[in-house]
Amino acid sequence: MDTAFELLASDGWRQATIDKICRQAKLNKRYFYESFPGLDELAAAVVDELAQGLLEQGFQAVQEAWEEGLSTDDLARKAIAAVVEYVTDDPRRARVLFTEVAASPQAMAHRKATIHGLAKALSAYGHEHHNAQGEEDPLDILASALLIGGSMEAVLTWLDGNIAMSREQFIDDLAALWVFAGDGAAARAKARQKKGIT
């Protein structure tokens with residue numbers, strides 16, 4: 001898994017073979033086949049492991065914020081800080097999770113499923129947080145997808161040095177943008193609901 005992660009985070013995955021990975025990991029191929037049918041399944045497992053780590057960090061931060069009774073602004077900052085720190089403490093995590101996994105359809109499918117699940121969870125949280133009545137508005141999913149996709153791109157842009165600010169300032173501003181967008185989307189959805197627009 002560690003060897004596959006290193007290759008996925010570089011251009012090495014395109015030239016990866018089971019033989020090469022096993023040699024680099026100093027393992028017999030038998031051990032590979034006991035765990036994975038092929039390279040795609042290995043890549044998908046790496047993506048799943050990283051995504052699980054990211055989700056655990058984010059949801060743990062939200063849970064702690066609820067227990068501490070933090071304001072919406074402080075809750076957002078705590079959650080964003082946990083996630084940003086996870087993917088930037090080792091920038092390879094962001095590269096594997098937030099960019100197209102080189103030539104691995106299964107890893108890409110797992111990545112998309114993770115993002116979709118995160119968007120649905122964020123949408124459900126926003127619906128509850130804003131005391132929205134009735135069914136979720138499609139705007140909830142739209143806003144969640146925008147926030148998650150935009151944040152992924154923002155992290156990569158910051159890591160590339162194209163956003164001139166410290167990590168602390170980046171976290172502060174990103175969290176503020178989440179709150180602005182979430183509050184704005186909720187207000188728009190409520191206004192639409194009052195007018196009977198779906």
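In this predicted model, the charged end of R30 sits over the ring of Y31, at 4.5 Å from the ring centre. A second contact of this kind involves R93, whose charged end lies over the ring of Y86, 4.3 Å from its centre.

Rings also meet other rings. A pair of aromatic rings is described by the distance of the centres and the angle of the planes. The structure holds 3 aromatic pairs. Two of them are set out below.

| Pair | Arrangement | Centre to centre | Angle between planes |
|---|---|---|---|
| F32 and Y33 | edge-to-face | 5.4 Å | 80° |
| W158 and F170 | stacked | 5.5 Å | 20° |

The planes of F32 and Y33 stand at 80°, and this pair counts as edge-to-face because the angle is over 60 degrees. F32 has 7% relative accessibility and is therefore buried, whereas Y33, at 47%, is partly exposed. F32 and Y33 also belong, together with F36, to one aromatic cluster.

The rings of W158 and F170 are stacked, with 20° between their planes; this term applies because the angle is under 30 degrees. The pair joins distant parts of the chain, as W158 belongs to helix α8 (residues 138-159) and F170 to helix α9 (residues 167-195), 12 residues apart. Is W158 buried or exposed? With a relative accessibility of 16%, W158 counts as buried. F170 has a relative accessibility of 3%, so F170 is buried.

Conventions:
Residues are numbered from 1 along each chain as its sequence is written. This is a predicted model: local features need pLDDT of at least 70, side-chain atom pairs count only at pLDDT 80 or more; totals for chains, interfaces and linings use all residues. Side-chain values use heavy atoms; hydrogens and water are left out. Rings of Phe, Tyr and Trp (its six-membered ring) pair if their centres lie within 6.5 Å; planes under 30 degrees apart count as stacked, over 60 as edge-to-face and the rest as tilted. Buried means under 20% relative accessible area, exposed over 50%, partly exposed in between (1.4 Å probe, protein chains only). Helices (H or I, at least four residues) and strands (E, at least two) are DSSP runs, numbered from the N terminus. A charge sits over a ring if NZ of Lys or CZ of Arg is within 6 Å of the ring centre and within 35 degrees of the ring normal.
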